[in-house]
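Open the model in your viewer and keep the selection tool at hand. The tour below moves from stop to stop.

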Amino acid sequence: ELLDGKVNAGASYLSGDFVGVGATPLDDERYHSRKDFDLSDNREEFTLSLEYRPWVYAGVVAVWRLARYDLGAEVELNSDQRQYGSGTEQAHNEARGLGFGLRPRLPLAERLALNGEFLYFPGLQSEAAGRYQYQVVYRAEGLDERWFGEEKVRGFSAWGELVHDLQAVPVT
């Protein structure tokens, strides 16, 4: 906080890893084919923000955000009768850009408030890339495909939170 709370600068970094197993049915009514997979994914988000709060109840904010998602999976192609293939799937998605918006703060009771953020991103630079590679039993050739996309997109982001301030520590 700067200038008696009228200007706020912030940075945040969120990261998470997930590992799991699962199955996805394929369109095969006769043999009930499915993709069994072991997957791991990683998500990251980095945000820089600068807020100007001329009013107690609302402020205007500029945000730069980077969001990244990576997926890797080992896949087996199975049916009710047998395993008929195996392979890998990989994906990478990334979006980054500058957004503008409002941050309201509405007091509801003593030490209780409703906070929020409404952002508009006029031009996010987004990239998506992926690859899948399978080897199917009884087929000499492998199935392999790579793809890549890059474009500018626009969009909105919003969140809200109910905050209760304790005597010494704010809790959300």
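Buried means under 20% relative accessible area, exposed means over 50%, and partly exposed is the range in between (1.4 Å probe, protein chains only). This is a predicted model, in which local features need pLDDT of at least 70, side-chain atom pairs count only at pLDDT 80 or more, and totals for chains, interfaces and linings use all residues. Numbering runs from 1 along each chain as its sequence is written, and side-chain values use heavy atoms, with hydrogens and water left out.

**Stop 1: aromatic pairs.** The structure holds three aromatic pairs. Rings of Phe, Tyr and Trp (its six-membered ring) pair if their centres lie within 6.5 Å; planes under 30 degrees apart are stacked, over 60 edge-to-face, and the rest tilted.

Select Phe 46 and Trp 64. Their ring centres are 6.3 Å apart and their planes meet at 70°, so this pair is edge-to-face. It links distant parts of the chain: Phe 46 sits in strand β2 (residues 34–52) and Trp 64 in strand β3, 18 residues apart. Strands here are DSSP runs (E, at least two residues), numbered with helices (H or I, at least four) from the N terminus. Phe 46 is partly exposed at 30% relative accessibility. Trp 64 is partly exposed too, at 32%.

Now select Tyr 132 and Tyr 134. This pair is tilted, with 5.5 Å centre to centre and 40° between the planes.

**Stop 2: the nonpolar cores.** A nonpolar core is a set of buried Ala, Val, Leu, Ile, Met, Phe, Trp, Tyr and Cys residues joined through side-chain atoms within 4.5 Å. Select Phe 37, Leu 39, Ala 73, Val 75, Leu 77, Tyr 84, Tyr 134 and Val 136: these eight residues form the largest core. β2, β3 and β5 (112–136) each supply at least two of its residues. The largest share, three residues, comes from β3.

A second, separate core has five residues, including Val 63, Leu 119, Phe 121 and Leu 124.

**Stop 3: Ser 79.** Select the loop between β3 (58–78) and β4 (83–109); Ser 79 is there. Ser 79 is buried, at 10% relative accessible area. Beyond neighbours within four places in sequence, Ser 79 contacts (heavy atoms within 4.5 Å) Tyr 31, His 32, Ser 33, Arg 34 and Tyr 84.

**Stop 4: His 164.** Go to strand β6 (residues 143–165) and select His 164. This histidine is partly exposed, at 34%.
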